[in-house]
Amino acid sequence: MRFRRDPSSPSAVADPARGIELLGVRHAYGERAVLDGLDLRLTEHRVGVIGANGSGKSTLARLLNGLVVPTEGRVLVDGLDTRSAVREVRRRVGFVFQDPDAQIVHPTVAEDVAFGLENQGVPAAERAVRVAEVLERYGLAGHADHPAHLLSGGQKQLLAIAGVLVMRPARIVFDEPTTLLDLVNARRVARVIEELPQAVVVVTHDLDLLESFDRVLVVDAGRVVEDGPAEQSVRAYRKLMADR
Amino acid sequence: MTAPLYVAGSSLVHRTPAGVKLLLLAALAVVLFVFPTPAVVLGLLLLVLVLGLGTAGLPVALLLRQVRVVAVFLVLVFGIQFFVAGVVPAVVSVARLLALVLAAAVVTATTPVSAMVALVERVCAPLRLFGVRPARVGLVIAMALRFLPLVAERADRIREAQAARGGAVRGLRAVTTTVVPLVVQLLQLAHTVSEALDARGAADVPLHPEAAR
């Protein structure tokens, strides 16, 4: 856990119409560049990101809420720089990880959902109402006091999503949310994502998930090699993979 | 798979504050060891059973599970006491340990983790003077409880994977071949968990969270 100081008061300059901007972004782990030459503006309701393993997709996802800050360039969320206004950025951009076991940090379901609200200093009464609402919505109300580790894989992923949604972020980034799930649970999570009112960015290998997406980026060797409507990008990605 | 520790309910035992239950548990331990007479020990064991099974309505299986964990130890204690001091001291010794184990199980099964964590945070509140954030101490305890079963699951998975490939499943070799991959997996998990904590605003924990309770 990194406890960073965030001395800025960024709310005053936030402009939701700007969406997420990546300006001249390059990111390297040591000598190895994993992303390079990224200039993007994401304003669509649903954006997908696809690419081979190791292409840089997950690093790209982590850039969007400041979990990773770029080695070069800037990432702005609603005009707020992820480098200097990381707390405000994270309040605006929720993040759902591939492995829900790594995201669930409290022993029981309701306590875990309440975790983010506690961090935000939401009063106990409001917290209880919001937790109950979100558990009800995702069919977890009957599991509120159950140990999280006894949930099924699908339920854990729903719990991870509930833990983010309860914080009411304006945007949510999903990093391969269906990879560890069976077909039924993958469809269930896909439906949840489809019905979200929030803007979403979904990194995935599940091409069916992206059918109705407004925009899909294909990432290859750290660069965006295709950027367009879902059908066009998926076709380009299939061709790219077939040529290897 | 690890069984749930807390059993939801609204009995008097459930509603008793966590701090009071822990104090009573400590008092029980003191009385059991200061007055180790058959009447006191068996009476208190009966009281624990009445509170657990009767008042709190806990399932018998849950208490039996706790007894099973210490069964070998209880048999050992009984055997030694029986040969050294006779049957009555042996029964008293076993009943004394049993009463404590069952009382601890009743406290655990009737107290939500959140109440335990809140208690720890209250107890740690004076440490704020030294720059300690009680909420983080509570988080550490909650996370330890959350991740213990997960670590056990991962260790089982590694053992199964090794057994499937003809690896050792018992003995020192099995332990050593499990520990290294387990540590590697746990370090990877710890990295992702730290990211998740960041993403969920753990760094924003208020200095004085009482205001939010």
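Analyst: Let us start with handedness, keeping in mind that this is a predicted model. The crossing of helices α4(B) and α5(B) is right-handed.

User: What is the class make-up of the contact of α4(B) with α5(B)?

Analyst: The contact of these two helices has 19 nonpolar residues and three polar ones, with no charged residues.

User: How is the geometry of such a pair described in general?

Analyst: Two packed helices are described by the angle between their axes and by the distance between those axes. In this case, α4 of chain B spans residues 60–85 and α5 of chain B spans residues 87–110; their axes are 8 Å apart and the packing angle is about 160 degrees. Because angles over 145 degrees count as roughly antiparallel, α4(B) is roughly antiparallel to α5(B).

User: Which residues of the two helices meet?

Analyst: From α4(B), the residues include B:Leu63, B:Val70, B:Phe78 and B:Phe82. Among their counterparts in α5(B) are B:Pro89, B:Val94, B:Leu98 and B:Val101.

User: Into which domains is chain B divided?

Analyst: Chain B has domain 1, residues 12–111, and domain 2, residues 128–212. The C-alpha centres of these two domains of chain B lie 31 Å apart.

User: How many residues are in contact between chain A and chain B?

Analyst: On chain A, 37 residues are in contact with 33 residues of chain B. Helix α4(A) gives the largest share of the chain A side, six residues. By class, that side of chain A has 16 nonpolar, 11 polar and 10 charged residues.

Conventions: Residues are numbered from 1 along each chain as its sequence is written. Chains are lettered from A and ligands numbered from 1 in the order in which they are written. This is a predicted model: local features need pLDDT of at least 70, side-chain atom pairs count only at pLDDT 80 or more; totals for chains, interfaces and linings use all residues. Axes are lines fitted to C-alpha atoms, for helices over the stretch in contact, and angles run from 0 to 180 degrees between N-to-C directions. Helices (H or I, at least four residues) and strands (E, at least two) are DSSP runs, numbered from the N terminus. Angles under 35 degrees count as roughly parallel, over 145 as roughly antiparallel, 65 to 115 as roughly perpendicular and the rest as oblique. A crossing is left-handed if the near helix is turned anticlockwise from the far one by less than a right angle, and right-handed if clockwise. Two residues are in contact if their C-beta atoms, placed from the backbone, lie within 7 Å. Ala, Val, Leu, Ile, Met, Phe, Trp, Tyr, Cys and Pro count as nonpolar, Asp, Glu, Lys and Arg as charged, and the others, Gly among them, as polar. Domain bounds come from an automatic or database domain assignment.
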